[in-house]
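Q: Please take a close look at the surfaces where the parts of this complex meet, both inside each chain and between the chains. I would like one connected account that says which elements and what kinds of residues make up each contact.

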Amino acid sequence: MAAKKPKLAVWKFASCDGCQLSLLDCEDELLAVAGAVEIANFPEASRAIIKGPYDVSLVEGSVTTPHDAERIHKVRRASKFLISIGACATAGGIQALRNFSDVNEFVSIVYASPQYISTLKQSTPISEHVFVDFELRGCPIDKGQLLEVINALLNERKPNIPTHSLCLDCKRQGLPCVMVSQGTPCLGPITQAGCGVLCPAFDRGCYGCFGPMESPNGKALIEKWQEMGADDAEVLRSLRTFNACANAFEKESRKYE
Amino acid sequence: MTHAVLERPDLKSLFNILQKAGYTTIAPTVRDNVITYENVTDQSELPIGMTDDQKNGSYRLKKRKDKSVFGFVVGPQSWKKFLYPARLKLWEAHRNGKSFSIAKPENEEKKLAFIGVRPCEMSAISIQDKVFLKSTFVDSAYSSRREQLFTVIVNCTEPGGTCFCTSMDTGPRAKKDYDLALTEVVKKDQHYFLVEIGSDQGKEIANKLPLKEASEEQVSEADKRLNEAARKMGKALKTDGVKDLLYENAENPHWEKVAERCMTCANCTMVCPTCFCSTMEDSTDLSGEIAERWRTWDSCFTMDFSYVHGGSIRNSSSARYRQWLTHKLGSWQDQFGTSGCVGCGRCITWCPVGIDITEEIKTLQECDSRKSKSN
């Protein structure tokens with residue numbers, strides 16, 4: 001490990017701040033993290049801002065304004081490693097629902113003076129604008145995974161972040177399939193693991209917070225859902241949440257518009 | 001050997017005697033709407049009067065009309081979770097200046113007694129024995145658990161909807177490798193377990209049980225039920241020439257058809273009682289002073305599984321399904337001298353979309369590419 005502590009910066013784009021707060025959520029490990037890296041730019045934690053360049057940048061949020069579309073390039077230029085964190089940064093987030101409609105209509109309904117609003121037609125992930133070194137999925141991200149990526153980077157090893165289905169983790173934890181045992185629609189078979197199987201552990205189907213797994217077969221899953229009684233509206237609603245514009249979810253959902 | 005009978009009220013003593021002999025008793029019980037294997041200390045925790053209705057991609061727990069203790073088949077989990085845990089720390093390393101030292105985790109191995117092992121599952125344990133104990137290398141974590149194991153079989157008098165043990169010659173009656181075997185008989189006026197002894201340690205425990213000598217009628221009643229069970233399998237798989245069939249059909253277009261339904265979710269491999277693949281996970285603490293190596297269950301359905309420098313070898317779902325099936329029923333025979341399938345039907349029930357191993361083999365047999373070549 002280098003003698004000098006790596007400089008870490010946290011950047012916010014269109015998002016709810018939940019993912020970057022996961023860093024502060026690392027209660028037990030927070031002091032160790034603060035000891036291992038120099039937190040150089042993290043407005044949620046400190047007003048002290050150290051100038052770049054930065055060794056690691058965590059980027060939260062999607063690009064939704066012309067201003068942000070420019071700003072992300074500045075962040076990239078100032079960063080050695082750029083890790084996008086969360087569903088917004090990796091898939092456009094829930095605000096990417098605008099991609100299926102006319103954003104101007106929303107603007108005219110929501111804002112009293114729409115002329116002051118400068119927004120893009122689409123909400124897009126960071127990787128559509130700049131090269132991204134690593135993506136951490138989830139809405140929000142899992143703090144264990146965030147620590148793992150920082151840890152791996154500090155120790156110059158590969159992070160243990162799986163891209164397989166949620167089902168593997170369910171079975172490793174000894175949870176029976178909720179689809180098979182109860183007929184509960186679950187997005188687990190096409191969703192990437194990483195959340196610690198939160199919903200199936202509480203007898204619920206997976207909501208797909210971690211986006212599509214490495215080789216998703218949405219068609220097969222949704223056909224089974226429909227066999228179990230899910231109607232088109234339910235399918236559409238389930239696929240269009242936090243990862244609505246993630247490739248496999250978007251492609252499958254368009255069939256049920 | 002004469003058969004003995006354990007009356008239903010005396011089932012309690014089986015648990016007591018095994019516990020007195022130092023065993024932790026593991027048995028089926030109802031949890032999360034399914035029947036799973038857990039630490040069960042008393043017979044009252046068994047799924048008394050329950051059954052499971054199993055179909056392709058569907059499992060429902062139901063009440064029975066009678067008070068059978070073992071009136072169900074196999075659930076989503078197999079005994080492998082105890083002998084071959086899903087996640088296990090193999091060792092950790094501590095940095096000492098420029099060198100490092102390795103510490104093995106202290107494994108506090110309990111003596112386990114499995115009560116309610118089905119004949120197909122006993123076969124699965126024997127298959128994993130070949131993999132972990134009788135190959136070139138012995139898996140020490142497996143052997144330390146396996147050597148102390150006590151097994152109580154429950155033969156199957158009511159096969160489930162996805163069972164095909166008769167096709168794989170693993171049931172419905174256990175033939176070997178067990179310590180004690182029970183066959184449950186529930187009649188209007190009688191409820192008993194016919195007991196067979198399979199080993200010396202089985203005999204030791206049996207000597208302490210309040211057993212009675214079985215009447216001829218009690219033996220023949222159990223036999224009759226087991227013979228009937230063999231004819232009531234939910235599924236069948238024609239195993240003749242199945243290895244060659246798979247070897248010769250690697251390019252069969254049918255694999256693409258399966259891939260349309262297969263989600264590569266890996267459920268089949270997780271619930272399979274013989275699937276033994278694992279991956280190693282190396283981790284460090286933040287300071288880099290301590291490193292750990294963990295072994296976790298893996299599956300041939302993931303991309304990482306076939307990843308070598310440059311990418312994954314089995315990119316497509318068809319290649320991955322073909323790999324699994326060809327290994328399970330074909331190359332397993334070359335590797336371990338036995339089929340890798342015991343006919344428990346778990347992969348059929350627990351596939352969320354209900355892909356059926358017996359149907360896929362049947363279809364391959366029908367569209368065998370060797371047939372079209374000879375035409």
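**Where the parts meet**

A: Chain A is divided into domain 1, residues 7-154, and domain 2, residues 166-254, with bounds that come from an automatic or database domain assignment. The complex is a predicted model, in which local features need a pLDDT of at least 70 and side-chain atom pairs count only at pLDDT 80 or more, whereas totals for chains, interfaces and linings use all residues. Residues are numbered from 1 along each chain as its sequence is written, and chains are lettered from A and ligands numbered from 1 in the order in which they are written.

In chain A, the C-alpha centres of domain 1 and domain 2 lie 25 Å apart. Across the boundary between them, 14 residues of domain 1 of chain A are in contact with 14 residues of domain 2 of chain A, two residues being in contact if their C-beta atoms, placed from the backbone, lie within 7 Å. On the domain 1 side of that boundary in chain A, the largest share, three residues, is supplied by helix α4 (residues 86-91) of chain A; helices (H or I, at least four residues) and strands (E, at least two) are DSSP runs, numbered from the N terminus. The residues on this side of domain 1 of chain A divide into six nonpolar, six polar and two charged, where Ala, Val, Leu, Ile, Met, Phe, Trp, Tyr, Cys and Pro count as nonpolar, Asp, Glu, Lys and Arg as charged, and the others, Gly among them, as polar.

As a setting for that boundary, the secondary structure of chain A comes to 11 helices and five strands, and the C-alpha trace of chain A spans about 60 × 50 × 25 Å along its principal axes. Of the contacts in chain A with a separation of 6 or more, 72% are accounted for by residues 24 or more positions apart.

Chain B is likewise divided, into domain 1 (4-230) and domain 2 (242-374), and the C-alpha centres of these two domains of chain B lie 26 Å apart. Here 37 residues of domain 1 of chain B are in contact with 32 residues of domain 2 of chain B. Four elements of chain B, namely β5 (58-63), β6 (87-96), α3 (119-132) and α5 (165-168), each supply at least two residues of the side of domain 1 that touches domain 2, and the largest share of that side, nine residues, comes from β6(B). By class, the side of domain 1 of chain B that touches domain 2 of chain B has 18 nonpolar, 12 polar and seven charged residues.

Turning to the meeting of the two chains, the contact takes 37 residues from chain B and 32 residues from chain A. On the chain B side, β5, α9 (254-261), α10 (267-271), β13 (278-284) and β14 (290-297) each supply at least two residues, with the largest share, four residues, coming from β13(B). The residues of the side of chain B that touches chain A divide into 16 nonpolar, 14 polar and seven charged.

As for confidence, chain B averages a pLDDT (the predictor's confidence in each residue, from 0 to 100) of 96, and 99% of the residues score at least 70. For the complex, the predictor gives an ipTM of 0.94 and a pTM of 0.96.
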